Amino acid sequence: SSVASSSSVVVRIEHLVSYENMGVATVRCVGKCVCELQRIDAHRTDAHRNVSVFLQHSFALRGSYDAADCALQLQVQPETSSGGHKFKVRTVTLSNV
């Protein structure tokens, strides 16, 4: 599938964040599209209680938006601040702005 290349595109990655056993992932654009390297830490603490929720991480994409020319590469990193390396993605959405 493709998204019209005449406008800006925003990538939204919906991912789990939690208080333990969560990891850090990086996301990069490969192929004919360009984006800044994204670093997402899925470890979060809540001041009142420990919770696990899904949050959205958004960033801009430039270049070719055709699926044949552009890919997102997500890589779990060998670092953690919560005792684990779990990284769970629920959805990835591309939208014109």
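Q: Is Cys35 buried or exposed?
A: First, a heads-up: this is a predicted model, where local features need pLDDT of at least 70, side-chain atom pairs count only at pLDDT 80 or more, and totals for chains, interfaces and linings use all residues. Residues are numbered from 1 along each chain as its sequence is written, and side-chain values use heavy atoms, with hydrogens and water left out. Buried means under 20% relative accessible area, exposed over 50%, and partly exposed in between (1.4 Å probe, protein chains only). Cys35 has a relative accessible area of 14%, so it is buried.

Q: Which residue does a disulfide join to Cys35?
A: A disulfide is a covalent bond between the sulfur atoms of two cysteines. Here it is called from a pair of cysteine sulfur atoms within 2.5 Å. The partner's sulfur sits 2.1 Å from that of Cys35, and the link is right-handed, with 115 degrees about the S-S bond. The partner counts as buried because its relative accessibility is 14%, and its name is Cys29.

Q: How many residues apart are Cys33 and Cys70?
A: These two are also joined by a disulfide, S to S 1.9 Å, and this link is right-handed with 80 degrees about the S-S bond. The pair links distant parts of the chain, from strand β3 to strand β6, and the separation is 37 residues.

Q: What is the pairing of the bonded cysteines when they are numbered in sequence order?
A: A search of the whole structure finds two disulfides. One joins Cys29 to Cys35, and another joins Cys33 to Cys70. Number the bonded cysteines of the protein chain in sequence order, and the pairing reads 1-3, 2-4.

Q: In the open sheet of three strands, what does the twist average from one strand to the next?
A: This sheet has the order β4-β2-β6, with antiparallel pairing. Its edges are β4 (38–41) and β6 (70–76), each of which pairs on one side only. From one strand to the next, the twist averages 25 degrees.

Q: Which residue in β6 is the bridge partner of Thr26?
A: Strand β2 (residues 24–31) pairs with β6 in the antiparallel sense, over seven bridges. For Thr26, the bridge partner in β6 is Gln75.

Q: With which side chain does the side chain of Gln38 make a polar contact?
A: Gln38 lies in strand β4 and counts as buried because its relative accessibility is 12%. Leaving aside neighbours within four places in sequence, Gln38 is in contact (heavy atoms within 4.5 Å) with residues including Ala25, Val27 and Phe59. A polar contact is a pair of N or O atoms within 3.5 Å; within protein, one must be able to donate a hydrogen and the other to accept it, and residues adjacent in sequence count only if both atoms are side-chain atoms. At 2.7 Å, the side-chain partner of Gln38 is His57.

Methods. Two strands pair if DSSP finds at least two bridges between them. Helices (H or I, at least four residues) and strands (E, at least two) are DSSP runs, numbered from the N terminus. Axes are lines fitted to C-alpha atoms, for helices over the stretch in contact, and angles run from 0 to 180 degrees between N-to-C directions.
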